[in-house]
Amino acid sequence: MSATAGSLVSTTEYLDYQLPEKIQKICAERDNCPEIEVKYLKSNHSWIDTAINARINSLVVNSKPTESAPIKTPSTQADVNAAINDFAASQFQDMPEEVSWAYSLTVTPVYLGHVNNFELFEINSYVFTGGAHGMPYSEYLTFDLSTEKQVTLDDMIIAGKKPRFEALAHDAYQTWVKTVADDVSSYEKNWPFMLSDNVTLTDTGIDIRYQHYSIGPYAYGMPVLSIPYSELNKVIKPYFIPK
């Protein structure tokens with residue numbers, strides 16, 4: 001296949017994993033087993049698979065991900081299996097036998113499409129270990145087919161223009177706040193603006209994704225702030241603006 005965005009063919013495959021026998025026995029006894037679903041990307045670009053699946057492994061091993069956290073030490077398959085074993089076992093250690101709900105762990109890659117020569121993905125995860133609700137998490141990943149490298153926000157921004165990008169993001173934040181609150185100033189005192197590096201390209205601009213509790217309460221979900229390309233001229237490199 002040629003290295004042109006849009007030539008990518010992708011699917012997903014489940015992690016080949018089985019709970020240890022002792023946990024399976026407890027599951028059967030209590031009729032209540034942890035719900036675990038981990039999927040990997042399988043495409044016709046193996047280098048993208050490697051990057052995304054390494055991140056998936058990292059999210060499985062680290063139960064409290066931070067936004068777009070870099071992978072300092074890749075997790076091995078043994079690390080992943082051990083983390084899932086511990087996650088499953090913790091349900092029966094933490095919860096009384098009469099509890100009917102189960103722990104849940106889900107990690108899945110999603111193909112978002114392409115812009116110019118960039119292939120765009122998202123990894124979604126969800127962890128539930130009791131309480132009022134689980135914790136979703138969503139992370140964008142952008143890949144440049146011409147260089148076969150993952151692209152970050154810093155790669156997109158022209159040198160010295162990050163303060164301008166942050167100002168534009170702050171404007172987008174204030175526009176979003178007006179959809180959920182009457183007083184922007186009061187809202188920002190409680191939920192101050194912060195710049196996230198969790199970004200993706202779209203046909204119309206750059207989207208910035210925030211996790212729960214980053215700039216708003218859980219009920220507000222994972223907000224997405226959008227900055228149109230018309231405002232990003234001379235802020236991001238022309239290479240990243242669709243022709």
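Q: Which residues of α2 are buried?
A: In this predicted model, the buried residues of α2 are W47, I48, D49, I52, N53, R55, I56, N57, S58, L59 and V60.

Q: And what covers them?
A: The cover over the buried residues of α2 includes β2, α3 (77-94), β3, β4, β5 (135-144) and β6 (149-151).

Q: How many residues does α2 have, and what does it reach from its first C-alpha to its last?
A: Helix α2 spans residues 46-61, which is 16 residues. Its reach is 22 Å, close to the 22 Å expected at 1.5 Å a residue.

Q: R55 is on that list of buried residues. What does its side chain meet in a salt bridge?
A: R55 pairs with E139, at 2.8 Å from N to O. The two come from distant parts of the chain, with E139 in strand β5 and R55 in helix α2, 84 residues apart.

Q: Why does E139 count as buried?
A: E139 counts as buried because its relative accessible area is 4%, which is under the 20% limit. R55 is also at 4% relative accessibility and therefore counts as buried.

Q: How many salt bridges does the structure hold?
A: There are 4 salt bridges in the structure. Among them is the one between E122 and R209, at 3.1 Å from N to O. That pair also links distant parts of the chain: E122 belongs to strand β4 and R209 to strand β8, 87 residues apart.

Q: Are E122 and R209 buried or exposed?
A: E122 is buried, with a relative accessible area of 8%. R209 is buried as well, at 15%.

Q: Which other salt bridge can you name?
A: The side chains of K162 and D154 form one, at 2.8 Å from N to O. K162 counts as partly exposed, with 34% relative accessibility.

Q: Switching to strands: how do β3 and β4 pair?
A: Strand β4 (residues 118-128) is antiparallel to β3, and 11 bridges connect the two.

Q: What lies in the turn between them?
A: β3 and β4 form a hairpin with 2 residues between them. N116 in that turn has a positive phi of about 55 degrees.

Q: And β2, which way does it run against β3?
A: β2 and β3 (residues 104-115) run parallel, joined by 4 bridges. E35 has S104 in β3 as its bridge partner.

Q: Where else is phi positive in a residue other than glycine?
A: D31 has a phi near 50 degrees and Y213 has one near 75 degrees. D31 sits in the loop between α1 (21-30) and β2 (35-43), while Y213 sits in the loop between β8 (205-209) and β9 (224-228).

Q: How accessible are those two?
A: D31 is exposed, at 71% relative accessibility. Y213 is partly exposed, at 40%.

Q: Last topic: how many disulfides turn up?
A: A search of the whole structure finds 1 disulfide. C27 and C33 are the cysteines joined, with a distance of 2.4 Å from S to S.

Q: What is the hand of that link?
A: The link of C27 and C33 is right-handed, with 55 degrees about the S-S bond.

Q: Which of its ends is buried, and which is partly exposed?
A: C27 counts as buried, at 8% relative accessibility. C33 counts as partly exposed, at 31%.

Conventions: Residues numbered from 1 in each chain as written. Predicted model: local features only at pLDDT ≥ 70, side-chain atom pairs only at ≥ 80, totals over all residues. Heavy atoms only, no water. Buried < 20%, exposed > 50% of the residue type's maximum accessible area, 1.4 Å probe, protein only. Disulfide = S-S within 2.5 Å. Pairing = 2+ DSSP bridges. Expected span 1.5 Å × (residues − 1). Contact = heavy atoms within 4.5 Å.
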